[in-house]
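Hi,

Here is the structure I promised to pass on to you. Please have it open beside this note while you read.

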Amino acid sequence: MRALVISEPSDGPDTSRVGELPDPEPGPGEVTIDVEYAGINFVDVMLRRGDQPYADRFPAYPGDEVAGTIRAVGAGVTGLAAGTRVAAFMTAGGLASIARARAELTVPVPEGVPAPVAAATPAVLATAYLLLAEAARFRGGDRVLVHSASGGVGSAVAQLVPVLGGGRLLGTVGRAGKVASALDAGYDAAFARDAGYPDRVRAAAGGGVDVVLDALGAGELDNDLALTAPGGRIVLFGNASGGAPAALPNIPRLMGGNVSVGGFSISGLSRTAPDRVAAAMSRCFELLAAGQVGLPVTEVDGLAAVPAVHQLLAEGRGQGKYVVRV
């Protein structure tokens, strides 16, 4: 099979290549999938950089979401069969022509859901759903602030907020040129993260916000706390800047502000509660099939094109969600 292989850590695409590897066979509780499309995500960049805990050894095999057709099933697998159209959440190895996935994280794709969108659902749309519905305890009418609003998860949040009850949706982006992309995705207002952005967020929200979704590694946590209304929830779900995450605030500050800070990792949840990840994927497919949400994607052709997309994301120049036709 063909697969994207990263030979050693790098800040650039120089150590990424497409290689030929033996075809995988499914073990107990696993399936193999003939991949039609695979998602490209910022976590691939973190793996390429050698960030912990994403990369513990090299060569490394990126890719954590795929869509395609089941090739074979392993011992003990029920409810799935060869030929079934599926999508799967993975922790590695998805950027390949054949993927080996856990059956409990592999979900049938309904008719009417295009394969490129299906490939963007496990790690992006399902992440956004779990962030809102579970981690942030989103309620209809909440004012929501999302950092990295023009990215894949940020764009998915914009699709889901109206379906989950509606609210005021505000976003920040890393550079002014991305503001238009966030607005196009459905944000009510979006701002570049310059020194004055907290004042503009507060004005747009009419005060504090009820939910903050922060993928920046807590580097904006002081601003998050200042912008969160009493009873608000801050969810940290990434570390895009790399390095050691910033320290959490002391308890008196949280108690005095009546604010909660929590964390979310879909990779971690896939290990400890895979049924919740699979249920979120299935729910997102129901919404997609019913036309209640959409997820615009940018397609690239072939695994050889993926390192250039990784570099776009690494340099903060990517917009929206990217998938590759394998």
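**What turned up**

Ser148 is partly exposed, with a relative accessible area of 28%. (Buried stands for under 20% relative accessible area, exposed for over 50%, and partly exposed for what falls in between, using a 1.4 Å probe and protein chains only.) Ser148 sits in the loop between strand E8 and helix H4 (152-163), and it has a positive phi of about 60° although it is not a glycine. Helices (H or I, at least four residues) and strands (E, at least two) are DSSP runs, numbered from the N terminus.

Two notes before going on. This is a predicted model, in which local features need pLDDT of at least 70 and side-chain atom pairs count only at pLDDT 80 or more, while totals for chains, interfaces and linings use all residues. Residues are numbered from 1 along each chain as its sequence is written, and side-chain values use heavy atoms, with hydrogens and water left out.

Arg137 is another residue with a positive phi, about 50°, although it is not a glycine. Arg137 belongs to the loop between H3 and E8, and its relative accessibility of 47% makes it count as partly exposed. There is also a cis peptide bond, with omega about 5°, that joins Phe58 and Pro59. Pro59 is found in the loop between helix H1 (42-49) and strand E4 (65-73).

Pro62 has its place in the loop between H1 and E4 too. Is Pro62 buried or exposed? At 1% relative accessibility, Pro62 counts as buried. Leaving out residues up to four places away in sequence, Pro62 touches Leu4, Ile6, Asp44, Leu47, Gly93, Gly94 and Leu95; contact here means heavy atoms within 4.5 Å. The C-alpha atoms of Pro62 and Gly19 are separated by 13 Å, and the two residues are 43 apart along the chain.

**The cores**

A nonpolar core is a set of buried Ala, Val, Leu, Ile, Met, Phe, Trp, Tyr and Cys residues joined through side-chain atoms within 4.5 Å. The largest one has 60 residues, and Val157, Tyr187 and Leu213 touch the most other members. Helix H3 (residues 121-135) gives the most to this core, with nine residues. Apart from it lies another core of 26 residues, including Val66, Ala88, Ala101 and Leu313.

What does Leu213 touch, not counting residues up to four places away in sequence? Its partners are Leu131, Leu132, Ala136, Leu145, Val146, His147, Val157, Val235 and Phe237.

In helix H6 (residues 197-205), the buried residues are Tyr197, Pro198, Val201, Ala204 and Ala205. Seen down the axis of H6, these residues fall within an arc of 130°, so they line one face of the helix; the arc is that of the directions from the helix axis to the C-beta atoms. Asp199 and Ala203 are exposed on the other side of H6. The cover over the buried residues of H6 includes strand E8 (143-147), strand E9 (168-173), strand E10 (189-192), strand E11 (209-214) and helix H7 (221-227).

Helix H11 (residues 306-314) has Val306, Pro307, Val309, His310, Gln311 and Leu313 buried. E1, strand E2 (16-20), strand E3 (30-40), H1, E14 and strand E15 (321-325) are included in what covers them. Just after H11, Gly316 has a positive phi of about 75°.

**A pocket to look at**

On a 1 Å grid over the protein atoms alone, a pocket is an open set of points where a 1.4 Å probe fits, with protein on both sides within 12 Å along at least five of seven lines; lining residues have an atom within 4 Å of a point. The second largest pocket holds about 440 Å³ of space. Of its 23 lining residues, Met90, Ala92, Gly93, Arg100 and Ala101 are the closest to its centre. Strand E1 (2-6), strand E6 (98-102) and helix H9 (266-272) each supply at least two residues of this lining, and E6 gives the most, with five. The volume is the space filled by probe spheres set on the grid points, which are joined across faces, edges and corners.

By class, the lining has 16 nonpolar, three polar and four charged residues. Here Ala, Val, Leu, Ile, Met, Phe, Trp, Tyr, Cys and Pro count as nonpolar, Asp, Glu, Lys and Arg as charged, and the others, Gly among them, as polar.
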